[in-house]
Amino acid sequence: MPIIPDKIDRFNMYIDIVDLKHKIAVTSEITLPTFEYASETLNLSGMAGEVDSPSPGQIKSTQIEIPFSTISKEGLELARKDNSILILKAAQETINTNALTRAHTGRTITIKGFTKEVNYGKLVKGGLGNASIKKEIIYYKDQLGDDVLTEADKFNGIYKINGEDVVSNIEELI
């Protein structure tokens with residue numbers, strides 16, 4: 001394996017458009033979502049136990065929390081507008097183990113969702129307020145360079161992993 005993924009060098013967050021006017025300050029770490037499939041427990045006579053049978057593409061309610069050092073007008077604008085598009089742009093570093101060189105690839109994460117929670121944080125003398133906004137994810141797309149790693153669009157029945165639509169055969173049947 002001559003090329004190995006290393007780390008995220010830096011990232012920025014934008015609202016709606018990637019430019020300086022739409023850049024918003026967030027803390028140095030954002031936890032990306034975990035997609036959990038809806039499932040049913042299969043427990044039939046003759047089985048040696050039970051199986052939790054997931055339905056790929058049927059994603060349970062998923063949120064993302066956007067952390068801020070303290071509350072701001074920009075953060076509250078993000079909370080106010082449910083149709084805002086969050087765009088995370090990162091420089092992801094790789095190491096070429098043969099040449100012992102490093103390179104960066106652009107990573108873009110696009111998120112659309114409804115505001116679910118506004119945490120106004122706290123007042124701390126000389127400290128951070130740790131405010132945050134939580135969004136219910138309706139649309140999520142994670143790209144590394146030109147490659148689509150994941151795309152989930154709950155309202156339009158799209159779920160792709162590594163560029164492959166894992167529910168397209170279901171859409172054709174219905």
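Me: Where is L100 found?
Reply: L100 is found in the loop between β6 (85–96) and β7 (101–119). Keep in mind that this is a predicted model.

Me: OK, and what's up with its backbone, what is phi of L100?
Reply: L100 has a positive phi of about 55°, although it is not a glycine. For background, most residues other than glycine have a negative phi.

Me: Buried or exposed, that L100?
Reply: L100 is exposed, since its relative accessible area is 71%.

Me: Which residue other than glycine has a positive phi near 50°?
Reply: That's N162, with phi near 50°. N162 lies in the loop between β10 (158–161) and β11 (164–165), and it is exposed, with a relative accessible area of 64%.

Me: Let's zoom out. How many helices and strands are in the protein?
Reply: There are 2 helices and 11 strands. Along the sequence the pattern reads β-β-β-β-β-α-β-β-β-β-β-β-α.

Me: What radius of gyration does the protein have, next to a compact globule of 174 residues?
Reply: The protein has 20 Å, whereas a compact globule of 174 residues would be near 16 Å. Along the principal axes, the C-alpha atoms fill a box of roughly 65 × 45 × 35 Å.

Me: And what share of the residues is buried?
Reply: Buried residues are 28% of the 174. The accessible surface comes to about 11,300 Å², with 51% of that belonging to carbon and sulfur atoms.

Me: What about contacts, what percentage join residues at least 24 apart?
Reply: 58%, counted among contacts between residues at least 6 apart in sequence.

Me: Switching to rings. How many aromatic pairs does a search of the whole structure find?
Reply: The search finds 4 aromatic pairs. One of them is F35 with Y140: the ring centres are 5.3 Å apart and the planes sit at 80°, so the pair is edge-to-face. F35 is in the loop between β2 (23–24) and β3, while Y140 is in strand β8 (residues 131–144), so that pair links distant parts of the chain, 105 residues apart.

Me: Is Y140 buried or exposed?
Reply: Y140 is buried, with a relative accessible area of 5%. F35 also forms an edge-to-face pair with Y159, at 6.5 Å centre to centre and 90° between the planes. That pair links distant parts of the chain too, with Y159 in strand β10, 124 residues from F35. Both F35 and Y159 are buried.

Me: Which residues do the ring pairs link into a cluster?
Reply: F35, Y37, Y140 and Y159.

Me: What is T150 in contact with, leaving aside its neighbours within four places in sequence?
Reply: T150 is in contact with F35, Y140, K141, D142, Y159 and K160. T150 is found in strand β9 (residues 147–153) and is buried, at 18% relative accessible area.

Me: Now charges. How many salt bridges does a search of the whole structure find?
Reply: 13 salt bridges. One of the pairs is E77 with R80, where the closest N and O atoms are 2.6 Å apart. E77 and R80 are about one helical turn apart, because they are 3 residues apart in helix α1 (residues 73–80). E77 counts as partly exposed at 33% relative accessibility, and R80 as exposed at 60%.

Me: What about E136, which side chain does it meet in a salt bridge?
Reply: E136 meets K116, at 3.8 Å from N to O. E136 is in strand β8 and K116 in strand β7, so the pair ties together parts that are 20 residues apart in sequence. E136 counts as buried, at 14% relative accessibility.

Me: Which residues are linked in a network of salt bridges?
Reply: D6, K7, E93 and R102.

Me: Last one: which residues form a nonpolar patch on the surface?
Reply: L42, L44 and V51, with about 250 Å² of accessible area together. L44 lies in the loop between β3 (37–42) and β4 (51–59) and is partly exposed, at 49% relative accessible area.

Definitions and conventions
Residues numbered from 1 in each chain as written. Predicted model: local features only at pLDDT ≥ 70, side-chain atom pairs only at ≥ 80, totals over all residues. Heavy atoms only, no water. Patch = residues over 30% accessible without salt bridge, like charges linked within 9 Å, V, L, I, M, F, W, Y side chains within 5 Å. Areas by Shrake-Rupley, 256 points an atom, 1.4 Å probe, with all protein chains shown as cover. Salt bridge = Lys/Arg side-chain N within 4 Å of Asp/Glu carboxyl O. Helix = DSSP H or I, 4+ residues; strand = E, 2+ residues; numbered from the N terminus. Buried < 20%, exposed > 50% of the residue type's maximum accessible area, 1.4 Å probe, protein only. Rg over C-alpha atoms; globule rule 2.2 N^0.38 Å. Contact = heavy atoms within 4.5 Å. Phe/Tyr/Trp six-rings, centres within 6.5 Å; stacked < 30°, edge-to-face > 60°.
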